[in-house]
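Visitor: Please take me through the aromatic pairs in this model. I would like a close look at that one part.

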Amino acid sequence: MHSFIHHKPRRRRMRMGMVVNEAYLYEEEKQLTVCKTSLFFSGDGFAVYDCNGELTFRVDSYGPHPREMDGIVLMDATGKCLLTVRRKRPTLHQRWEGFLGERSDGQKPIFSVRRSSIIGRCTMTVEVYDEAGEEYMIDGDSAQRNCVMYDAEKRAVAEIKRKVDASTNVILGRDVFSLTVKPGFDGAFAMGLVLVLDQINGDDSVEDDDMEKKVHPVTED
C-alpha cells in the first residue's frame, strides 16, 4: 500500500537587497502616495500614506535652505528615525549618501547616489556599501515624477509616477505622486532614494536660477 504525500510548492523568495528596516519588506506590491507637506521650499517635508490612508513615513524639515542642513531624516509614522540622507561635499558631481538612523559624527554611509549624466536624460547610480555590494540604477525624469529604480539584473524594484485623480481622471501636480514598491524591496530604502531625487531636483532649480541671473539677452539699439 502506497501513501502519497502532496507537498506544496515552495514560493520563490526574491533575493534581498539593501534593507533599512525589515518592517517595510512587503510580500506583495505596495502602492504608496507621497505628498509634499510644504509648497514653499524644495524638500521641506513629506507625508507618505498607504492605500488605506494610513501614515507610513514622514519627513519634517524647516527653513528655506534644507540642502544646507546636516541631513534629511526619514521617519516612521511614530517619529522614529529610519534613515538620514545628506549631500557629500565637496564633490565634482552630485553625490548623496545615506546613513542608518539619525546620522552621527564618524558614522559610515550605507549607500551613495551619484549622477551619471549632467545633460539630458538624468540617470542615477546607487551603490550599496554592504558585503553584497549591490548596485541599483534610477532612470527617467524624476523632476516630472516619472522614473524607475532597477536592480543589477535590470529588474524594476520601485517606480515613481504622477498620481491621477480617480474621479476626474486629471493628472495631479508634482507635489503628490505615487511610489510603487515591488515585493522583496525595502520601502524605507526606496523612500530614501525619493528624498535624494527631490533634493537633486531642488539643486537643479537653484542652479537654473543662477544661470538665468548670469545670462542676459543681447539688445541692439
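Guide: Rings of Phe, Tyr and Trp (its six-membered ring) pair if their centres lie within 6.5 Å; planes under 30 degrees apart count as stacked, over 60 as edge-to-face and the rest as tilted. This is a predicted model, where local features need pLDDT of at least 70, side-chain atom pairs count only at pLDDT 80 or more, and totals for chains, interfaces and linings use all residues. Residues are numbered from 1 along each chain as its sequence is written, and side-chain values use heavy atoms, with hydrogens and water left out.

The structure holds 5 aromatic pairs. Take Phe111 and Phe189: the ring centres are 5.0 Å apart and the planes stand at 65°, so this pair is edge-to-face. Phe111 lies in strand E7 (residues 111-115) and Phe189 in helix H1, so the pair ties together parts that are 78 residues apart in sequence. Helices (H or I, at least four residues) and strands (E, at least two) are DSSP runs, numbered from the N terminus. Phe111 and Phe189 are buried, meaning under 20% relative accessible area with a 1.4 Å probe, protein chains only.

Now Phe185 and Phe189. Their ring centres are 5.6 Å apart and their planes are at 45°, so the pair is tilted. Phe185 is buried, as is Phe189. One aromatic cluster is formed by Phe111, Tyr136, Phe185 and Phe189.

The largest nonpolar core has 42 residues, and Phe111 and Phe189 are among those with the most contacts inside it. Such a core is a set of buried Ala, Val, Leu, Ile, Met, Phe, Trp, Tyr and Cys residues joined through side-chain atoms within 4.5 Å. Helix H1 (residues 187-214) gives the most to this core, with 10 residues.

Key
Buried means under 20% relative accessible area, exposed over 50%, partly exposed in between (1.4 Å probe, protein chains only).
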